[in-house]
Amino acid sequence: MFDTLQDRLAATFKNLRGKGRLSEADIDATAREIRIALLEADVALPVVREFIASVKERARGAEVSAALNPAQQVVKIVNEELVAILGGETRRLRFAKKPPTVILLAGLQGSGKTTLAGKLGHWLKAQGRAPLLVAADLQRPNAVTQLQVVGDRAGVDVFAPEPGNGVGDPVEVARSSITHANRTLHDVVVVDTAGRLGIDAELMQQASDIRDAVSPDEILFVVDAMIGQDAVITAQSFLDGVGFDGVVLSKLDGDARGGAALSVAKVTGRPVMFASNGEQMGDFDVFHPDRMASRILGMGDMLTLIEQAEKSFDADQAARAAAKLTEGKGASFTLDDFLQQMQSVRKMGSLSKIFGMLPGMGEMKEQIAGIDEREIDRIEAIIHSMTPAERADPKIIDGSRRQRIARGSGVTVSQVNGLVDRFFQARTMMNQMAAGGGMPGLPGMPGMPGAGKRAKARQQAKKGRAKRGSGNPAKRAEEQQAARQRPPAAVSPFGNPDGAPTPPAPDDFELPKELRDLL
Amino acid sequence: MTLLEYVLAGLVLVLVVAGAAAALVRGRTLPPPTRPAPPEVPTRAPTEAPVEPSVEAPESARGRLLRLRSRLARSQSSLGRGLLALLSRDTLDEDVWESVEDTLIGADVGVGPAQDVVARLRTRLRGEAGLTAADVHRVLREELVTMVDPTMDRTLRVDGAGDLPGVVLVVGVNGTGKTTTVGRVARVLVAEGRSVLLGAADTFRAAAADQLQTWGERVGVETVRGGEGSDPASVGFQAVRTGAERGVDTVLVDTAGRLQNKAGLMDELGKVKRVVEKQAPVTEVLLVIDATTGQNGLIQARVFAEVVDVTGIVLTKLDGTAKGGIVVAVQRELGVPVKLVGLGEGADDLAPFDAEDFVAALLDA
């Protein structure tokens, strides 16, 4: 099973190396793969159809680039089209000339409106505004209490005159909130409404009554990133029912591909303005289309990997340990450092998840799936059973120490032995790679014990190639240029924190390096 | 060495060392891993819910799907009717089959299962000459019933062994309707004359315990809760212990929503189950999936099944336009049956799932 568009295209194009141009049949085959990839990312069917048509059109056209081979061309086209739909215009919140600015939140049940109200309040406050959250969800049991707690966490005032749980009139609450905000000098009012279904005429009427009562400056449609094919119908019915100016994508920290973002943006023509990506109040930011595009395509998400690494690794510690790996044949890299590194890696999530974020890992998927995470627990246990001195210098571990460690960690002596041996091997290998200047992608040996020596050799071969660059002069030039242009790792999951859009100019479109190697 | 390179190096190191360990272990026969759960001391005494004098008498679960059928039909008519219309055409050419596949995909069934159904329909409808509309209807119904698999055991296991209470753990990602489901299941059980206790192990989301308690109070069921931010495992443990002491029939434990890719939170969930099982075995683990969920639902089901061994699925919010086709893929891949469907806003809008009735509602709209 192919997980990513890359894998799919790579398989489709396996026999096409060397072809300068795509034939009609190639394009059809490619279109099928893209179609499935998009459908599996939950992009709505009508959107997929239209999308495929325009990609086909462009692929057929005269866009023959000297620097890119057919597969790369297709990925480039698809990527550009996606970004065009997602980020035609990224715009910021419109604030009313005469305060208060009213923001109305609408969406299905469980899409995350109440939580988002708190996050939006938190974000607005950080922007120097004085937001007021209004509890107009009087439907769901204790939604009002939830908003109060959320407001409390965000340090934002909450206006909740009605107890909720079916008591009170949300329209009245919304209306009186404006006067309340005026009196209490709040300049932004965020109205949290009850979740409702698009087909529920009664509740949609209520929503539009609330809208008419407060005449909001912005209506935000909150949609779950996990939503499937229904996204289009739901979005359309909300657009018809209450109308909305922007979309907020919630739960983007999950592993859904989030094709819904594309569907909603395409069908309604409203931009995705914000995305919410975590459980904490601060996990909310302006949306960024380019990353979303590569996420939908299932292109390895290196940026997310880097972010997660930054979250779970202590930068200073990592730098120190990394230095140890490189200097003096890596002899100063101790089991303690290894333990720390291992624990940080695990904090980032399961190993298979981390590998999933690396592009071009298709071939190794099986091996990765074969790793039992409990083995890693066991390794931790073994290392924990060592004395500090042993961890600093594993060479001193002799027979009796070994026995003690094995007893302490509940494993056999040969397991302790194996761990120490492996550690030395791995350390030497790392050291050689580090000394060779950068990692040549990932070596092909993991999960294949006993291949240490050969793996090392292979690795060096690989590294050589990577250093040499492409054999094609045009491609090499492009690579070098790309390397120069590669920006320092961006940090926010949505690109630039300041919210400025960064649509990749067509000229410096840059395929992930691994993909280039792959094709 | 940049941070990224260091991370990659770390991965490689872990793999190399783990690979070796794994090989060693594979060499000998490994006894099943028994991870000792940490002894759990409940940190907070449960606050007991004041029982309101006025207690509603919930409706019995029997015949609910029938009552909710109209709602289901409303939401799904386009699927069944669309398929029928397509298949009743005079000539079934490639375009028609593609539209059939598209219709199924549009219901979130997923590309693979949709292709399978189309392939089966194709063979069956091609082989028979002179098909009437009724024949097509029958064939389609049979295939759809096969798709949702009527042979699975969909009974809710709410009885514990011996004197122990049955323990139902409700899990899922954020915002699927776990708390609401717990409330509704409690009503069904109360309607059947069982004694029920709720455990509010969602200690994370603001006011989740209050929400659950409100549900409980409506039917006169008590809720065991801990403070906000307290250890959910301890709340679950306490709930089941209280339940066992009082001899209630069933304890329903609500958990906090968690995205399946948060390793730490999934570990926490595993702990809740392990710790609860110190008191009584968990008889049923219900995964709540939102009917609007797309292909991510499969990943959700897979990860949750790995961590807590899901035994049943509750499909909620099926009264919208969503079709919940993702459960087909989930049932197929994991063999976990859909046991309940949520079909509305009302307190009693939760019905047992029945494959035949479900498909009938799809087609007879």
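**Sheets, helix packing and a bridge between chains**

Q: How are α9(A) and α10(A) oriented to each other?
A: Helices (DSSP runs of H or I, at least four residues) and strands (runs of E, at least two) are numbered from the N terminus. Helix α9 (residues 231-241) and helix α10 (residues 259-268) of chain A pack at an angle of about 40°, with their axes 9 Å apart, where axes are lines fitted to C-alpha atoms, for helices over the stretch in contact, and angles run from 0 to 180 degrees between N-to-C directions. Angles under 35 degrees count as roughly parallel, over 145 as roughly antiparallel, 65 to 115 as roughly perpendicular and the rest as oblique. The two helices, α9(A) and α10(A), are therefore oblique to each other.

Q: What pLDDT do local features need in this predicted model?
A: Residues are numbered from 1 along each chain as its sequence is written, chains are lettered from A and ligands numbered from 1 in the order in which they are written, and side-chain values use heavy atoms, with hydrogens and water left out. Because the model is predicted, side-chain atom pairs count only at pLDDT 80 or more, totals for chains, interfaces and linings use all residues, and local features need a pLDDT of at least 70.

Q: How do the residues of the contact of α9(A) with α10(A) divide by class?
A: α9(A) passes α10(A) in a right-handed crossing (the near helix is turned clockwise from the far one by less than a right angle, and anticlockwise in a left-handed crossing). In contact (heavy atoms within 4.5 Å), A:Ala231, A:Val232, A:Ala235, A:Gln236 and A:Leu239 of α9(A) meet A:Ala260, A:Ser263, A:Val264, A:Val267 and A:Thr268 of α10(A). With Ala, Val, Leu, Ile, Met, Phe, Trp, Tyr, Cys and Pro counted as nonpolar, Asp, Glu, Lys and Arg as charged, and the others, Gly among them, as polar, the contact of α9(A) with α10(A) has seven nonpolar, three polar and no charged residues.

Q: Which strands stand at the edges of the sheet in chain A?
A: Eight strands of chain A form an open sheet of mixed pairing in the order β3-β2-β4-β1-β5-β6-β7-β8, two strands being paired if DSSP finds at least two bridges between them. An edge strand has a single partner strand, so one side of it is left without a neighbour in the sheet, and in chain A this holds for β3 (157-159) and β8 (284-286).

Q: Which residue of β4(A) is the bridge partner of A:Ile103?
A: Strand β1 (residues 101-107) and strand β4 (residues 188-193) of chain A run parallel and are joined by five bridges. Helix α7 (residues 170-184) of chain A packs on the sheet and touches β1, β2, β3 and β4 of chain A, its direction making about 160° with that of β2(A). Within β4(A), the bridge partner of A:Ile103 is A:Val190.

Q: What angle does the direction of helix α9 of chain B make with that of β1(B)?
A: Strand β1 (residues 166-172) and strand β4 (residues 250-255) of chain B pair in the parallel sense over five bridges, and B:Val167 has B:Val251 as its bridge partner in β4(B). Helix α9 (residues 263-276) of chain B packs on the sheet, touching β1, β4 and β5 (282-290) of chain B, and its direction makes with that of β1(B) an angle of about 180°.

Q: What is the handedness of the crossing of α9(B) and α10(B)?
A: The axes of α9(B) and helix α10 (residues 296-308) of chain B come within 9 Å and cross at roughly 40°. These helices, α9(B) and α10(B), are therefore oblique to each other. The crossing of α9(B) and α10(B) is right-handed.

Q: How many charged residues are in the contact of α2(A) with α3(A)?
A: α2(A) and α3(A) pack at an angle of about 150°, with their axes 10 Å apart, and are therefore roughly antiparallel to each other. Residues of α2(A) in the contact include A:Glu24, A:Asp28 and A:Arg35, and those of α3(A) include A:Lys56 and A:Arg60. By class, the contact of α2(A) with α3(A) has eleven nonpolar residues and no polar ones, and the number of charged residues is five.

Q: How far apart are the closest N and O atoms in the salt bridge of B:Asp102 with A:Arg35?
A: A salt bridge is a side-chain nitrogen of Lys or Arg within 4 Å of a carboxyl oxygen of Asp or Glu, and a search of the whole structure finds 32 of them over all chains. The pair crosses between chains, from B:Asp102 in helix α3 (residues 94-106) of chain B to A:Arg35 in helix α2 (residues 24-40) of chain A. The closest N and O atoms of B:Asp102 and A:Arg35 are apart by 2.6 Å.

Q: Is the peptide bond from A:Pro99 to A:Pro100 cis or trans?
A: Most residues other than glycine have a negative phi, and most peptide bonds are trans. A:Asp42, in the loop between α2 and α3 (45-60) of chain A, has a positive phi near 70°. A:Pro100 is in the loop between α4 (70-87) and β1 of chain A. With omega near 0°, the peptide bond from A:Pro99 to A:Pro100 is cis.
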